[in-house]
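Biologist: Could you take me through this protein, please? I would like to begin with the overall layout.

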Amino acid sequence: MTDTALALADLDFDRYDHVRPIRWTGEALELLDQRVLPFTVVHESCRSSDEVAAAIRALVVRGAPAIGIAAAWGVVLAARALPADHATDAAAASALLEPALQHLNAARPTAVNLMWALARMRRVLATAGADWRAALEREAQAIEREDLAANRRMGALGAALIAPGSGVLTHCNTGSLATAGFGTALGVIRAGVAAGRVARVFATETRPWNQGARLTVWELGQDGIDATLIADSAAAHLMKTGQVQWVVVGADRICANGDTANKIGTYPLAIAARHHGLKVMVVAPSSTVDMATASGDRIEIEERDPAELLSFRGKRVVAEGVRAWNPVFDVTPHALIDAIVTERGVVERPDAGRMRALFG
Ligand code: MRU
């Protein structure tokens, strides 16, 4: 385990971080609609926990930490909808809110941050006094604030592992759009660019939903960071050219032995990276670490509507009658990962023992 971070004070975090996906107005949750970026920048306003659950399922908001944060605010909305004379104390509220919590919990299965954030909200209800409504709101705020701080810390820790002048390849979108701000893997890339360590950034398009093509290169562009988009199928060839030294990705769930679920296509990137002598860094807050799941074969992998593969922007591009299978995450075995970067520190060459040393 190492804990060498770039000097935080030397990094101009705000200069490289302008996008925010989640906004609490005091009455509603405004979500930057990631289905229509980059050409349309609109917010969807959610006024109930059901609307938040639907937005998570439809990928209006996406990315493991961001869906956890959105779900926490969903609980706040559910609490506001309870008539005062029904929920007279936290225990009564807890029972009344449970269906909303379960509905939010079921919105997506793979990212553990969703379950983790809802568990925090449940704990508040179990311990709060008469001010349980305000306590829930404070907890949602804390989850959001802590995520931003974790991302900045991980940025400094992860960038310190990258030698000056390096090229990096990232997958999916792990930036401000996927978090409270700054991002996980993209946070490391931001910090690496700010510190002069990252000289070249490549992003995969990330079929079928195109998180890389539609979101990552747009988000980096908002912050003035140059990035080159590649087709997913160009990754191994890129590695062979010597232009990248690190694959830097996020995670949806990291198991007790370091096996990591992330966007479909991460696993082949890790295999190709090992073949070409590149290193693989997984960057995720401790809210993504699931020490209760022993290994990656126990993770539920979300399968989404085959229409995401068969159509492009709502227009069918595959012959009628063709069947498609659309798993949207895969699991990278820990043996293919060189470093897991969390806000608590770095686990190098992760395995069950090294994970336990940091996460207990
Ligand atoms: O289906 P998505 O877009 O929610 O998947 C997102 C990813 O796989 C990210 O890499 C992961 O959630 C980390 S985001 C900081």
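Predicted model: local features only at pLDDT ≥ 70, side-chain atom pairs only at ≥ 80, totals over all residues.

Biologist: Into which domains is the protein divided?

Modeller: There is domain 1 (20-149) and domain 2 (151-359); these bounds come from an automatic or database domain assignment. Their centres, taken over C-alpha atoms, are separated by 25 Å. The contact takes 24 residues from domain 1 and 30 residues from domain 2, where contact requires two C-beta atoms, placed from the backbone, to lie within 7 Å.

Biologist: Which helix gives the most to the side of domain 1 that touches domain 2?

Modeller: That is α2, with 5 residues. Helices (H or I, at least four residues) and strands (E, at least two) are DSSP runs, numbered from the N terminus. The residues on this side of domain 1 divide into 14 nonpolar, 5 polar and 5 charged. Here Ala, Val, Leu, Ile, Met, Phe, Trp, Tyr, Cys and Pro count as nonpolar, Asp, Glu, Lys and Arg as charged, and the others, Gly among them, as polar.

Biologist: On to helix α7: why is it described as largely enclosed?

Modeller: Helix α7 is largely enclosed by the rest of the structure because 9 of its 12 residues are buried. A residue is buried if 20 or more other C-beta atoms lie within 10 Å of its own, exposed if 12 or fewer, and partly exposed in between, with C-beta atoms placed from the backbone.

Biologist: What do those buried residues pack against?

Modeller: They pack against β4 (166-170), α6 (185-194), β5 (198-204), β6 (228-230) and β9 (260-263). Just after α7, Gly224 takes a positive phi of about 75°.

Biologist: And α6, how many of its residues are buried?

Modeller: In α6, 10 of the 10 residues are buried, so this helix is largely enclosed by the rest of the structure. Gly196 follows α6 and has a positive phi, near 75°.

Biologist: Where is Leu177 found?

Modeller: Leu177 is in the loop between β4 and α6. It counts as buried because it has 27 C-beta neighbours inside 10 Å. Leu177 and Glu219 are 42 residues apart in sequence, yet 7.7 Å apart in space, C-alpha to C-alpha. Glu219 is one of the buried residues of α7.

Biologist: Changing topic, which strands are joined to β10?

Modeller: Strand β7 (residues 246-249) is joined to β10 by 4 bridges, and the two run parallel. Strand β15 (residues 339-342) is joined to β10 by 3 bridges, also running parallel. Two strands pair if DSSP finds at least two bridges between them. Val247 has Val280 in β10 as its bridge partner, and Val282 stands opposite Ile340 in β15. Of the 5 residues of β10, 4 are buried.

Biologist: Which residue does UniProt list for "active site"?

Modeller: The unreviewed UniProt entry lists Asp252. UniProt positions are given in the numbering used here, feature names are shortened, and annotations may be inferred rather than shown by experiment. Asp252 is in the loop between β7 and β8 (253-255).

Biologist: Is Asp252 buried or exposed?

Modeller: Asp252 counts as buried because it has 30 C-beta neighbours inside 10 Å. Leaving aside neighbours within four places in sequence, its contacts include Ala64, Thr110 and Phe329.

Terms used
Residues numbered from 1 in each chain as written.
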